[in-house]
Amino acid sequence: MSTGRTRRSAAGREEVAVEDETVRRTGRWRGVSALALVAGAVGILAAVPGLVLCGVVGIAFAAVSRSARPPPVTLRIERSVSESRPAPDETVTVTVEVENVGEAICNDLRVVDGVPPGLGVAEGSPRFATAPLRPGETASFSYGIAATRGVHRFESAFVLLRDTVGATERVARVPAATDTPLTCVPPLGFGIEGSLRDQTIDQPGRVLTDVGGSGVAFQATREYRPGDPLSRVDWNRLAKTGDLSTVDLREERAAAVVLLVDAREEAYRASGPEAESAVSRSVRAAGALYVGLTNAENPTGIAALSPDPYWLAPGSGPTHRAQVREALATHPAFAPAPPDEPFFPSIRLRRLRRRLPARAQVVVCAPVCDDALVRLLRRLDVGGHRVSVVSPDPTATDTPGSQLARTERRVRLSKLRAAGIPVIDWGDEPLAVALARAGGSR
């Protein structure tokens, strides 16, 4: 990553926005006054001119340090990125230009750019230092960040200016002159078809039901009724016994499915500081399941269990799929960072029930890290909407606390299973492997 500087006329200087400005002493010259006085006194008493001179010089330094003031924050920051809509894991080069639009020289300037939360630095460093930066002069530096899902906004840059002798410093946050958000919209991924429960709608599909009729799976034989198709007559039985009977097959119908992503603050858990959060894994699972379910002719919708609600009714088709992809990547409900607002489960559950279509089943993508979610899913299941759970495991085993959290989560999963709710416990393996291990893949 590079650094540089240019200079332009000081004419047309402008006001700049500054946040959280503070002036503080560095402590670099602490104790100089006392040492200077001691040296001067000893020099006088011992009649040593050198010590007297050292004392005088020390007192002069102390006076200068006490009267020194850092220059005002008159910096204009411009930020640009090499790609505003990068692909996942693509390295985006960020170039920051710092211009001194004031009239004072910045003798010691240090800048830390406000990297968006949730993004990591892949190349170079967002830290920069230069001295001096004269009025009208511009310094620049660049670094690289790795793009991940979501809309990412840079924070204000942290700047530090010191006076000539370094006795005091002024710190502040300076926002960039223009906003340069990064938007990363990953693909929905390969389709993964999870195992659905037997709650279906009156549309042909691929979910086996207990309704007898046309289909591919045998259900029972019954007495022949006028109008039954000849293809379903049990000819073998007719040949052996002379009885005319009809074979009933289990009908296959479509299911209306809503993929519910748990994006409450409690769900933002990860097994380590650098590990992917459970919400990000849930969003990734929802995208893959959506593709698989809609490919199997099941109308599928998306919803968020979050303080910032999101709802997209079950559907299919290219337009609906594009809406799902954009929402999972950019809607605040699925943001990579946890929400700040409180979540009221009863209110959100009531609103979700009002929106759910009749006979729609719900596939919940959630780490199940609290008991409140268990109660909510039970209420949803007994309320007439069959619930299944895909649960990314965010727990670790490196500390006794982590082991306790893992045990508590397993107890919650057991409670859900005891209530008749199928649960896929998704560890570090790919989701397709977890579904296959649980017998859910087809």
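Analyst: A nonpolar patch here is made of residues with over 30% relative accessible area and no salt bridge, their nonpolar side chains being joined within 5 Å. The model under discussion is predicted.

User: Which residues make the nonpolar surface patch of about 280 Å²?

Analyst: Val-38, Val-42, Val-48 and Leu-51 make the patch. One of them, Val-38, sits in helix α1, residues 32–46.

User: Why is Arg-170 with Glu-21 called a salt bridge?

Analyst: The rule asks for a side-chain nitrogen of Lys or Arg within 4 Å of a carboxyl oxygen of Asp or Glu. For Arg-170 and Glu-21 the N to O distance is 2.9 Å, so the pair meets the rule. Arg-170 belongs to strand β11 (residues 168–174) and Glu-21 to strand β2 (residues 19–25), so the bridge ties together parts 149 residues apart in sequence. By this rule the model has 18 salt bridges.

User: Is Arg-170 buried or exposed, and how do you know?

Analyst: Buried means under 20% relative accessible area. Arg-170 has 15%, so it counts as buried. Glu-21, at 41%, falls between the limits of 20% and 50% and is therefore partly exposed.

User: What makes Arg-437 exposed?

Analyst: The cut-off for exposed is over 50%, and Arg-437 has a relative accessible area of 56%, so the term applies. Its salt-bridge partner is Glu-429, with the closest N and O atoms 2.8 Å apart. Glu-429 has a relative accessible area of 18% and therefore counts as buried.

User: Which residues are linked with Arg-264 in a network of salt bridges?

Analyst: Asp-262, Glu-266 and Asp-370 are linked with Arg-264 in the network. Within it, the side chains of Arg-264 and Asp-262 meet at 2.8 Å, N to O, and both of these residues are buried.

User: What makes a set of residues a nonpolar core?

Analyst: Its members must be buried nonpolar residues joined through side-chain atoms within 4.5 Å. The largest such core has 37 residues, and Leu-259, Leu-289, Tyr-310, Phe-334 and Val-390 touch the most other members. Elements that each supply at least two residues include β16 (257–262), α4 (278–295) and β18 (310–315). The largest share, nine residues, comes from α4. Apart from this core lies another of 28 residues, among them Cys-106, Leu-109, Val-115 and Leu-161.

User: Where is the confidence lowest, and where highest?

Analyst: Strand β1 (residues 3–7) is lowest, at a mean pLDDT of 54, and β16 is highest, at 96. The chain mean is 85, with 93% of residues reaching 70 or more.

How values were computed. Residues numbered from 1 in each chain as written. Predicted model: local features only at pLDDT ≥ 70, side-chain atom pairs only at ≥ 80, totals over all residues. Heavy atoms only, no water. Patch = residues over 30% accessible without salt bridge, like charges linked within 9 Å, V, L, I, M, F, W, Y side chains within 5 Å. Areas by Shrake-Rupley, 256 points an atom, 1.4 Å probe, with all protein chains shown as cover. Helix = DSSP H or I, 4+ residues; strand = E, 2+ residues; numbered from the N terminus. Buried < 20%, exposed > 50% of the residue type's maximum accessible area, 1.4 Å probe, protein only. pLDDT = per-residue confidence, 0-100.
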